[in-house]
Amino acid sequence: MEVAIIAGGCFWCTEAIFKRLIGVEQVEVGFVGGSVPEPSYKEVCKGDTGHAEAIRITYDPKQLSYLDILEVFWQAHDPTTLNRQGEDEGTQYRSAIFYLDENQHQAALQSKERIAHTFAMPIVTEIVPAGEFYPVQEDYLINYYENNTDRGYCIFTIAPKINKIYNLFQEKIKPTYQALEYEDRTQKTI
């Protein structure tokens, strides 16, 4: 197994997306890139710790490569908005790739260069060494989408992102997840 750490805004969205990919064994939500050890969700939300909401993905490189993860990452959020994803604003919602070694560093730089021309605005995603990753301590933050599918944020923010990734990368989605359930949910509530 290998590990990747990325931040694409709210970790509820990225967790829901990446756990659906073939080869992903585990997705942990947490914080990285800050100066306060063992930060709480409330501390990070204030924007004073320097951490980003991030996910740590444990995956099987025989089924899913690091470049595959980055390819999905670029499409799963807007890498051209600084410290903002939708209504979520602050440095804790920044776009970042936290690399664990020089191979990941080079892959991230190359991936960014390859995708840059597809966006109308410049990419602002940080590509920085991974510091300590702190998994969230609050249980209600884990599997947020699955546990809260009736909430507005899940319906109007997370479900459309899942649909987008499903439509772009259908061959990378675990068979147990069906796009129709998300598509139907968003269509019925809009």
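Leaving aside neighbours within four places in sequence, Phe 11 is in contact (heavy atoms within 4.5 Å) with Val 29, Gly 30, Phe 31, Tyr 41, Glu 53, Ala 54, Ile 55, Val 136 and Leu 141. The model is predicted: local features need pLDDT of at least 70, side-chain atom pairs count only at pLDDT 80 or more, and totals for chains, interfaces and linings use all residues. Residues are numbered from 1 along each chain as its sequence is written, and side-chain values use heavy atoms, with hydrogens and water left out.

Phe 11 lies in helix α1. Helices (H or I, at least four residues) and strands (E, at least two) are DSSP runs, numbered from the N terminus. Phe 11 has 0% relative accessibility and counts as buried. Buried means under 20% relative accessible area, exposed over 50%, and partly exposed in between (1.4 Å probe, protein chains only). Arg 84 is 73 residues from Phe 11 in sequence. Their C-alpha atoms are 13 Å apart in space.

Helix α1 (residues 11-18) also packs against α6. Their axes come within 10 Å and cross at roughly 40°. Axes are lines fitted to C-alpha atoms, for helices over the stretch in contact, and angles run from 0 to 180 degrees between N-to-C directions. The two helices are therefore oblique to each other. Angles under 35 degrees count as roughly parallel, over 145 as roughly antiparallel, 65 to 115 as roughly perpendicular and the rest as oblique. The crossing of α1 and α6 is right-handed, that is, the near helix is turned clockwise from the far one by less than a right angle (anticlockwise for left-handed). Trp 12, Cys 13, Ala 16 and Ile 17 of α1 meet Tyr 153, Thr 157, Ile 158, Lys 161, Ile 162 and Ile 165 of α6. This contact has eight nonpolar residues, one polar and one charged. Ala, Val, Leu, Ile, Met, Phe, Trp, Tyr, Cys and Pro count as nonpolar, Asp, Glu, Lys and Arg as charged, and the others, Gly among them, as polar.

Helix α3 (residues 66-76) comes within 10 Å of α6 (residues 152-168), axis to axis, and the axes cross at roughly 135°. That makes α3 oblique to α6. The crossing is right-handed. Val 72, Gln 75 and Ala 76 of α3 make the contact with Lys 161, Lys 164, Ile 165 and Leu 168 of α6. Four of these residues are nonpolar, one is polar and two are charged.

The axes of α3 and α4 (residues 102-115) also come within 10 Å, crossing at roughly 45°. Here too α3 is oblique, now to α4, and the crossing is right-handed. From α3, the contact involves Tyr 66, Leu 67, Leu 70, Trp 74 and Gln 75. From α4, the residues include Gln 104, Ala 107, Ser 111 and Ile 115. The contact has seven nonpolar, three polar and two charged residues.

Eight of the 11 residues of α3 are buried, so the helix is largely enclosed by the rest of the structure. Among them are Ile 69, Phe 73 and Trp 74. Their cover includes β1 (2-8), α1, β3 (52-59), β6 (95-99), α4 and α6.

The structure holds zero disulfides, a disulfide being a pair of cysteine sulfur atoms within 2.5 Å. The sulfur of Cys 13 is 4.7 Å from that of Cys 10, the closest cysteine sulfur, too far for a bond. Cys 13 is buried, at 2% relative accessible area. For Cys 154, the closest cysteine sulfur is in Cys 13, 8.3 Å away and too far for a bond. Cys 154 is buried, at 0% relative accessibility.
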